[in-house]
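Here is my note on the model you sent. Please keep the structure open beside it and check each point as you read.

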Amino acid sequence: MTVDVEVGGTLHAVTVESMDGGAGSFRVTVDGVARIVEVTEAGGTRMSLLVGNSSEAGHPAARRSVDALVIETGAAGELTLTVANATFEARVFGKGRTWGARRRVAGSEAGATGMQEIRAPMPGRIARVLVAPGERVKTRQPLVVVEAMKMENELRAA
């Protein structure tokens, strides 16, 4: 699968190839740099990643463990990523028939009129409501902040 991922205004080409039929080992190439990534689900949207392999740099120390949390923010292709205790906002754009492309099509109701349903990516508590009832909103406008797992997640209009 190949997608473009925008992080901090910079677009990155990302290719993910399964090395074991989707059981958890992948070759991930970001902007031409490939790494082996072993993924273990740690509950919900939390993952434990083992990045690198023993042949990198000629020694096993090239492998490192990284904790990651991926939360879909509710808008098509938009994610909040927490990797190694740093949080990033990212937007995924698909190429061809990929997850990113399907998410963009599924979320293509942008510009719709009338009531729309926005779902939180996980159970949480509403920390702040950012719009008034009946207020006209724009595409991608922040609507509500939901606190879940000690993180605040901003949900946006489709």
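1. Start with the pocket lining. Strand β6 gives the most to the lining of the largest pocket: six residues. Keep in mind that this is a predicted model.

2. Now the pocket itself. The volume of the largest pocket is about 1,600 Å³. It is lined by 37 residues, and the closest to its centre are Val 14, Val 16, Val 28, Val 70 and Leu 81. The elements that each give two or more residues to this lining are β1, β2 (10-18), β3 (25-30), β4, β5, β6, β7 and β8.

3. What classes of residue make up the lining of the largest pocket? There are 27 nonpolar residues, five polar and five charged.

4. Next, follow β6 to its neighbour. Strand β6 covers residues 64-72, and β5 pairs with β6 in the antiparallel sense. Six bridges hold this pairing in the model. For a landmark, find Leu 50, which stands opposite Ser 65 in β6.

5. Strand β5 (residues 46-51) also meets β4 (residues 33-41). These two strands run antiparallel and are joined by five bridges. Here Thr 40 is found opposite Ser 48 in β5. The hairpin of β4 and β5 has four residues between the strands. Look at Gly 43 in this hairpin: its phi is positive, near 105°.

6. Move on to β7 (residues 78-83) and β8. They pair in the antiparallel sense, over six bridges. Val 83 has Ala 86 in β8 as its bridge partner. How many residues lie between β7 and β8 in their hairpin? There are two, and Ala 84 in the turn has a positive phi of about 50°.

7. Strand β8 (residues 86-94) is also joined to β1 (residues 2-7). Five bridges link these antiparallel strands. Check Val 7, which stands opposite Ala 90 in β8.

8. Last, zoom in on one residue, Thr 80, in strand β7. Is Thr 80 buried or exposed? The cut-off for buried is under 20% relative accessible area. Thr 80 has 5% relative accessibility, so it counts as buried.

9. What does the side chain of Thr 80 make a polar contact with? The partner is the side chain of Glu 89, at 3.2 Å. Leaving out residues up to four places away in sequence, Thr 80 touches Leu 69, Val 70, Ile 71, Thr 73, Thr 87, Phe 88, Glu 89 and Met 151.

Note on methods. Residues are numbered from 1 along each chain as its sequence is written. This is a predicted model: local features need pLDDT of at least 70, side-chain atom pairs count only at pLDDT 80 or more; totals for chains, interfaces and linings use all residues. Side-chain values use heavy atoms; hydrogens and water are left out. Two strands pair if DSSP finds at least two bridges between them. On a 1 Å grid over the protein atoms alone, a cavity is a set of points where a 1.4 Å probe fits but cannot get out, and a pocket is an open set with protein on both sides within 12 Å along at least five of seven lines; lining residues have an atom within 4 Å of a point. Grid points are joined across faces, edges and corners, and a volume is the space filled by probe spheres set on the points. Ala, Val, Leu, Ile, Met, Phe, Trp, Tyr, Cys and Pro count as nonpolar, Asp, Glu, Lys and Arg as charged, and the others, Gly among them, as polar. Buried means under 20% relative accessible area, exposed over 50%, partly exposed in between (1.4 Å probe, protein chains only). A polar contact is a pair of N or O atoms within 3.5 Å; within protein, one must be able to donate a hydrogen and the other to accept it, and residues adjacent in sequence count only if both atoms are side-chain atoms. Contact means heavy atoms within 4.5 Å.
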